[in-house]
Amino acid sequence: MKGILKTTLFLTALLTSNVMAAPQDWQKIKRPVTGEPTPIGSYTNGCIIGAQALPYKGDGYQVIRMNKNRYYGHPDMIKYLQRLGKKVKDAGMPTMLIGDIAMPGGGRFLTGHASHQMGLDADIWLRMGMMSDQDALNSDGKGLLVVNRKAQRVDDSIWNGNHAELIRLAAQDTQVSRIFVNPAIKLKLCQTVKGDRSWLQKIRPWFGHDSHFHVRLTCPADAAYCENQTPVAAGDGCGAELYSWFEPKKPSAEPIKPKVTPPEPFLCQQVLTSPNRSEWLE
Ligand SMILES: [Zn+2]
């Protein structure tokens with residue numbers, strides 16, 4: 001780990017003051033920060049040194065939303081997506097469309113995501129099949145909504161076996177810690193998955209996620225600065241917790257506290273203040 005400090009970060013930056021970076025600082029990073037692949041911080045407050053770009057087409061997959069420049073990830077994520085693409089292809093399924101991973105240096109987004117900050121999160125669309133290069137460049141509005149939002153249930157005229165199979169293949173990889181889906185999708189899987197149901201444990205209900213799902217990998221074994229999330233509870237998660245998502249919201253007894261943005265991890269601040277930064281800025 002000393003290597004990254006030596007090669008990419010200037011040690012005297014340790015003396016820089018604890019100034020909080022603005023999200024636009026991370027948008028300005030146009031190329032991966034050079035150094036040993038190092039995810040730093042947490043999924044919702046971090047950055048990545050040594051990210052790699054996912055090649056825009058490969059066996060069984062295609063990168064979309066390319067105009068957003070969010071197709072960079074930790075090498076583990078890149079390998080995971082390529083591995084998953086091969087499984088999709090071998091299963092004879094339509095091409096998997098990969099949306100946002102992380103920005104070249106990770107970090108906070110101006111719009112769109114609370115997480116995806118360390119290159120260990122990726123969005124996979126529920127629309128499947130190759131897009132034209134033009135559509136892959138700007139994919140806004142081209143998703144496939146599989147949930148009837150009013151009914152809070154999967155739309156059975158749209159949902160099909162490939163959706164369930166894609167999520168299963170994505171979840172069964174040992175590097176995956178969680179997959180976020182809309183509660184209606186989790187319910188559908190709970191009601192329909194036969195045989196091995198152990199992978200359902202990783203499928204977590206969350207807001208939105210009704211035209212894509214979100215894969216989160218665990219921190220790589222040697223990643224000293226990467227904070228894992230608490231492990232998911234035992235069981236398939238098809239019980240009371242899932243059903244609570246469909247109940248009307250109870251008014252909270254607690255007063256709503258204003259959101260406080262925590263300062264970024266120190267090593268991430270150093271990325272932004274490094275004297276080498278011209279190498280990766282626009
Ligand atoms: Zn996501």
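The model is a predicted one, in which local features need pLDDT of at least 70 and side-chain atom pairs pLDDT 80 or more, while totals for chains, interfaces and linings use all residues. Residue numbers start from 1 along each chain as its sequence is written. Ala221 sits in the loop between S13 and helix H7 (240–244) (helices are DSSP runs of H or I with at least four residues, strands runs of E with at least two, numbered from the N terminus). From Ala221 to Ile179 the C-alpha distance is 20 Å, across 42 residues of sequence.

Seven strands form an open sheet of mixed pairing, in the order S4-S5-S7-S8-S13-S11-S12 (pairing needs at least two DSSP bridges). Strands S4 (57–58) and S12 (203–205) are at the edges with a single partner strand each, so one side of each has no neighbour in the sheet. Further in, S5 (residues 61–63) runs parallel to S7 (residues 96–98) over 3 bridges, and Tyr61 stands opposite Met96 in S7.

Helix H3 packs on this sheet, touching S4, S5, S7, S8 (121–128) and S13 (212–217) (contact means C-beta atoms within 7 Å, placed from the backbone). The direction of H3 makes about 160° with that of S7 (axes are fitted to C-alpha atoms, for helices over the stretch in contact, with angles from 0 to 180 degrees between N-to-C directions). Buried residues of H3 include Tyr80, Leu81 and Leu84.

Conventions. A residue is buried if 20 or more other C-beta atoms lie within 10 Å of its own, exposed if 12 or fewer, and partly exposed in between; C-beta atoms are placed from the backbone. Two residues are in contact if their C-beta atoms, placed from the backbone, lie within 7 Å.
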